[in-house]
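Take a look at the fold first.

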Amino acid sequence: MTRQIIWLWGLAFAPGISGVLAGAAEVLNESFEAPMVSGRVVTTPTGWKRVYALQNYSAVWNEDTSGATTPHGAQVGAAWTMGGFQSTNVTEVVQPGATYTLTFNVGNCDTDTGNARTDSQYTADILAGETVLASVSGLTNTDDLSQSNLTSVVIGAGHPNLGQTLGVRLRMTGGHWKGLTLFDNVRLTAVESDEWKRSLFYGK
């Protein structure tokens with residue numbers, strides 16, 4: 001009985017997003033709608049910074065004249081070859097007992113033809129500070145952002161990055177330099193893991 005009471009208290013008051021991690025919490029939900037642009041504009045999306053080589057060529061694209069289309073708002077983040085974006089507006093920190101999951105839609109578009117290429121490669125990371133907690137890479141061959149991917153990580157009680165600020169990094173990692181990799185509908189969520197619940201219940 002004592003363990004059960006402790007377990008229930010832990011679920012209700014365990015540290016997490018806004019102090020509570022029971023259930024699912026949204027850490028980041030991004031569709032690159034700010035700043036609002038027309039066509040293809042080399043700029044930094046609100047709440048992000050541009051990173052890696054040739055970072056000044058990563059951009060925000062509006063589907064009005066860019067050649068790309070998206071079902072998630074009107075704009076996308078467009079990462080130039082070997083460049084991309086890293087979030088700067090997340091304040092939540094890595095918590096014990098959390099499972100963090102990053103999901104996103106991805107595509108690409110050739111700046112000359114306005115069509116998708118077949119060689120656009122990307123990598124998406126969940127970060128703790130500058131440390132990669134989880135990563136996924138893939139190849140995209142469509143310009144309508146219909147492709148998606150995800151990666152996740154379970155944080156244990158002794159994880160070395162506890163307390164560090166969470167983040168997301170999105171990069172174009174291969175393919176022709178004219179075919180920018182497009183990202184949209186970027187979501188980072190936190191859920192209290194079943195393993196953590198069992199450890200609280202059984203005391204181990």
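Contact here means heavy atoms within 4.5 Å. The model is predicted: local features need pLDDT of at least 70, side-chain atom pairs count only at pLDDT 80 or more, and totals for chains, interfaces and linings use all residues. Residues are numbered from 1 along each chain as its sequence is written, and side-chain values use heavy atoms, with hydrogens and water left out.

Start with the sheet. Five strands make an open sheet, ordered S3-S6-S11-S8-S9, with antiparallel pairing. Strands are DSSP runs (E, at least two residues), numbered from the N terminus. Two strands pair if DSSP finds at least two bridges between them.

S6 (residues 83-87) and S11 (residues 166-174) run antiparallel and are joined by three bridges. Gly84 sits opposite Arg171 in S11.

Ser87 also belongs to S6. Is Ser87 buried or exposed? Its relative accessible area is 10%, so Ser87 is buried. Buried means under 20%, exposed over 50%, partly exposed in between (1.4 Å probe, protein chains only). Beyond residues up to four places away in sequence, Ser87 touches Leu28, Gly47, Trp48, Gly167 and Val168.

Asn141 lies in the loop between S9 and S10 (147-154). With a relative accessible area of 46%, Asn141 is partly exposed. Its C-alpha is 6.9 Å from that of Asp119, 22 residues apart in sequence. The side chains of Asn141 and Gln147 make a polar contact at 3.1 Å. Such a contact is a pair of N or O atoms within 3.5 Å; within protein, one must be able to donate a hydrogen and the other to accept it, and residues adjacent in sequence count only if both atoms are side-chain atoms.

Key: Helix = DSSP H or I, 4+ residues; strand = E, 2+ residues; numbered from the N terminus.
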